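Hi everyone, thanks for coming. Let me put the structure up, and then I'll walk you through the parts I'd like you to look at.

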Amino acid sequence: MTTQSVASRVVIQATPAAPGIARGPWVRFERAAVPLGGRVSPDRVDAEIARLAAAAEAIAGASEALADDVRGRGHAEESEVFAAHAAMARDPELIETATGHVRNELMDGPSAISAAAQAVAELLRGLGDELLRGRATDVLDVGDRIARHLAGLPPVAAALAAPAIIVAEDLPPSVTATLPRELVLGMALEGSSPTAHASILARAFGIPAVVGASGLLATVAQASPTVELLIDGSNGEIVVAPGEADDVRYAEKSSLIQDERERDRVEAELPAETIDGTAITLLANIGSPDEAGAAVTLGARGVGLFRTEFLFLQRTDPPSEDEQVDAYARVAEAFAPNPVTVRLLDVGGDKPIPYLPLPVEDNPFLGVRALRLAETRPDIFLTQLRACYRAATRGRIKVMAPMVADAGDVATLGALADRARAELAAVGRPVGNVDLGVMLEIPSAVLTADTYFKVIRFASIGTNDLLQYTLAVDRGNPALERYRDSLHPAVLRLVRLSVEAAERAGIELSVCGEMAGDPAAALALVGLGVRQLSMSATSLAAVRRAIRGAQQSVLEEAAANAQLDDSAAGARARFTAHLSGAS
Ligand code: PEP
Ligand code: MG
């Protein structure tokens with residue numbers, strides 16, 4: 001068979017997963033398939049089941065060792081992935097399903113565990129949540145490792161002799177974590193998603209990555225191994241056999257990325273102030289204490305949204321009160337003297353946690369999620385609140401409740417906070433001051449704000465959910481893209497109502513949905529009267545530039561008119577017009 005080399009340039013548009021640009025030779029990562037389809041004779045069933053249990057335990061132990069190794073290399077958070085793998089390898093449901101295949105269908109161990117892992121992965125893929133879909137890869141990884149162990153095959157590793165870009169259908173987390181970092185220029189995956197562990201680990205390790213690259217494997221299969229690849233982790237582009245023009249572009253983009261990073265760092269010191277002197281406080285949205293350093297460097301003056309659910313996911317039991325005190329205090333210390341806003345757990349419905357069994361709901365987005373869980377599981381919120389009051393002795397902590405609908409929910413928050421303080425007082429624990437606030441994500445919470453704003457200290461508009469509930473548009477449904485612009489006049493009116501209610505009550509108001517990190521939308525928010533914007537750290541520089549290039553008086557008039565527009569597109573056009581130079 002002759003292999004026809006791809007000599008000519010091919011461009012594949014993929015999904016960006018970890019920023020940065022890489023160019024170099026590629027290595028195809030492929031695990032040698034485990035031979036499947038074997039059978040056992042009826043008299044060997046019990047022995048095969050015992051072998052299966054032993055292999056599962058061996059992989060659980062190996063996963064724990066890998067977790068220790070990754071933690072030892074300074075990636076405590078990423079190490080949790082492998083602690084979770086250990087739990088998956090010991091998951092009674094997985095093992096019982098596999099055992100059932102051996103006993104009832106006389107499958108051999110490798111075939112039985114592979115079928116069981118496949119079934120669990122299918123189940124996870126069928127759930128609406130992107131994060132859980134990404135977890136399917138973890139289950140397949142664990143199943144594959146147990147099967148390999150049973151088949152007497154060595155563990156999979158990426159063979160890298162020299163620096164290269166790794167090309168694969170998907171990369172199991174156990175392989176991603178054990179890659180020799182100095183030899184991995186980048187990762188290009190035909191499958192996977194930005195929230196799968198391969199991408200999460202690539203971002204944590206600073207490896208440029210692109211995923212969902214349809215046609216990549218067939219294209220490189222035709223290419224000689226000497227053909228190079230260029231991947232751009234910021235826009236998702238892959239160039240197979242890049243030409244001279246690409247070289248120039250690559251060099252330009254690399255130096256541009258360096259320059260931009262440098263410019264963003266320098267500008268981090270500048271105030272976010274309009275030309276006519278309106279000062280805006282820029283805050284960061286974070287999901288873990290590890291993100292605090294980058295956000296401080298990029299000029300965040302505090303945290304407007306600490307999404308605590310990430311501390312609870314990817315583990316086998318909830319974080320203890322002490323662990324939470326440590327996480328919250330670490331962030332507060334990093335941002336001192338500025339405040340850190342801890343959002344109480346926002347899970348349930350579409351974001352299940354394995355150790356928090358909840359009933360299945362027909363409409364999870366309209367179901368028992370977030371603060372609504374307090375009725376059946378007050379313990380979760382009490383532990384979090386106690387941790388926040390304790391962490392507040394080490395830095396400034398604010399606490400806000402998600403999914404608040406009305407004054408009754410605010411009363412629930414107040415009662416939980418009182419109880420948490422009383423419990424700490426009973427055991428003589430010192431507590432710090434904590435301002436209590438709410439997220440405005442449900443239209444009813446905005447429309448009734450006057451009834452409860454006087455008993456809280458601040459509110460923050462979660463425009464991601466506010467848009468979903470105002471326009472009846474499921475956040476995750478790609479078929480509804482035309483509705484998904486937060487500059488919809490209905491959302492703008494709710495923002496303006498929130499600003500007016502906050503002014504009447506004399507409390508602080510911020511916006512922490514994705515809208516705040518979109519430069520044109522940020523200008524609209526400033527025009528509507530919002531003075532605090534919270535966003536992912538990577539958006540801070542562009543939003544700061546947009547604000548510094550705009551006039552408050554002009555934005556105010558544009559915002560007044562935009563509320564009367566008949567479409568988000570019309571409203572957006574009013575603000576993009578004021579974005580000169582804010583890239
Ligand atoms: C929001 O809904 O806008 C928000 C900030 O919360 P999350 O995206 O975590 O639901
Ligand atoms: Mg929300």
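Let's begin with a term: donors here are N, O and S atoms within 2.8 Å of the metal (3.2 Å for Na, K and Ca), and water is not among the atoms, so sites may look incomplete. With that in mind, the magnesium ion, ligand 2, is coordinated by Glu 441 (OE) and Asp 465 (OD), at 2.0 to 2.1 Å. Glu 441 sits in the loop between strand 13 (434–440) and helix 15 (443–447), while Asp 465 belongs to helix 16, so the pair ties together parts that are 24 residues apart in sequence. Helices (H or I, at least four residues) and strands (E, at least two) are DSSP runs, numbered from the N terminus.

A word on the source: this is a predicted model, where local features need pLDDT of at least 70, side-chain atom pairs count only at pLDDT 80 or more, and totals for chains, interfaces and linings use all residues. Residues are numbered from 1 along each chain as its sequence is written, chains are lettered from A and ligands numbered from 1 in the order in which they are written, and side-chain values use heavy atoms, with hydrogens and water left out.

Buried means under 20% relative accessible area, exposed over 50%, and partly exposed in between (1.4 Å probe, protein chains only).

Now to ligand 1. It has 13 residues around it, and the closest are Arg 307, Arg 343, Gly 462, Asn 464 and Arg 475; a residue counts if one of its heavy atoms lies within 4 Å. Helix 16 gives the most to this shell, with three residues.

Glu 441 and Asp 465 come back here. An oxygen atom of ligand 1 is 3.0 Å from an N or O atom in the Glu 441 side chain, and a backbone N or O atom of Asp 465 lies 3.0 Å from an oxygen atom of the ligand.

Finally, two backbone details. Ala 472, in the loop between helix 16 and helix 17 (489–505), has a positive phi near 55° and is exposed, with a relative accessible area of 69%. Ala 336 and Pro 337 are joined by a cis peptide bond, with omega about 5°. For context, most residues other than glycine have a negative phi, and most peptide bonds are trans.

Definitions and conventions. A polar contact is a pair of N or O atoms within 3.5 Å; within protein, one must be able to donate a hydrogen and the other to accept it, and residues adjacent in sequence count only if both atoms are side-chain atoms.
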